[in-house]
Amino acid sequence: KVLNALKANKSSFESFQHVPSESFEDNEERRIYYQLCTLFMISHLGDTEMELLRNMTLLPENGIAIDVLDNILSLNNQEALGSLINRGFLDFDKDSRLVKIHPIIRQICREGLKPDDGQCRDFLDALWRLYNPKQYDADMFRQFAELFSQAADNLQDREGIWAFRASVFW
């Protein structure tokens with residue numbers, strides 16, 4: 001999938017920094033991680049893409065409905081979402097209409113973008129404002145619960161807001 005994305009974007013492997021494999025012989029996972037960091041260089045993203053990707057690190061493993069994101073993202077952020085999907089940072093499944101982030105890309109982005117409460121608050125507050133028990137089904141509540149649980153686990157939830165919101169959806 002990554003190779004196809006690179007070919008589609010007319011990228012070449014020569015444009016990526018080479019990570020010498022001999023320096024990581026004892027740790028295959030570490031070598032692969034650093035090579036993926038090189039492939040998915042977040043430093044080449046625009047500010048809007050980085051901001052959106054920072055928020056996308058909170059997505060549940062099964063993803064979130066594209067319709068939900070369309071309801072809370074500005075036009076500029078919707079364009080950034082399309083760009084991140086086209087570049088392979090995010091995956092959009094047309095059948096299920098879910099946007100997902102691969103766990104390895106999530107880890108790379110968390111380490112590189114360092115999401116925190118302040119940076120993700122607007123995104124999480126916008127999701128919270130969508131809360132309407134009559135509008136969504138159980139699967140949507142599970143997606144929201146997992147997203148707020150991710151926020152509670154990975155951001156400094158000093159006030160307990162994200163944990164409280166996750167509990168409402170659970």
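Predicted model: local features only at pLDDT ≥ 70, side-chain atom pairs only at ≥ 80, totals over all residues.

Student: What makes α8 roughly antiparallel to α9?

Tutor: Helix α8 (residues 138-154) and helix α9 (residues 161-169) pack at an angle of about 160 degrees, with axes 8 Å apart. Angles over 145 degrees count as roughly antiparallel, so α8 gets that label relative to α9.

Student: Which residues of α8 and α9 make the contact?

Tutor: From α8, they include Phe141, Phe144 and Phe148, and from α9, Trp162 and Phe169 are among them. By class, the contact has 10 nonpolar, 1 polar and 1 charged residues.

Student: Why is the pair of tryptophan 128 and phenylalanine 169 called edge-to-face?

Tutor: The ring centres lie 5.7 Å apart, within the 6.5 Å needed for a pair. Tryptophan 128 sits in helix α7 and phenylalanine 169 in helix α9, 41 residues apart.

Student: What makes phenylalanine 148 and tryptophan 162 a stacked pair?

Tutor: Their planes are 25 degrees apart, with 6.3 Å from centre to centre. Planes under 30 degrees apart count as stacked.

Student: How do you know whether glutamine 143 is buried or exposed?

Tutor: Buried means under 20% relative accessible area. Glutamine 143 has 2%, so it counts as buried. This residue of helix α8 touches Pro60, Gly63, Ile64, Ala65 and Leu98, leaving aside residues up to four places away in sequence.

Technical notes:
Residues numbered from 1 in each chain as written. Heavy atoms only, no water. Axes fitted to C-alpha atoms, helices over the stretch in contact; angles between N-to-C directions. Helix = DSSP H or I, 4+ residues; strand = E, 2+ residues; numbered from the N terminus. Parallel < 35°, antiparallel > 145°, perpendicular 65-115°, else oblique. Contact = heavy atoms within 4.5 Å. Nonpolar A, V, L, I, M, F, W, Y, C, P; charged D, E, K, R; others polar. Buried < 20%, exposed > 50% of the residue type's maximum accessible area, 1.4 Å probe, protein only. Phe/Tyr/Trp six-rings, centres within 6.5 Å; stacked < 30°, edge-to-face > 60°.
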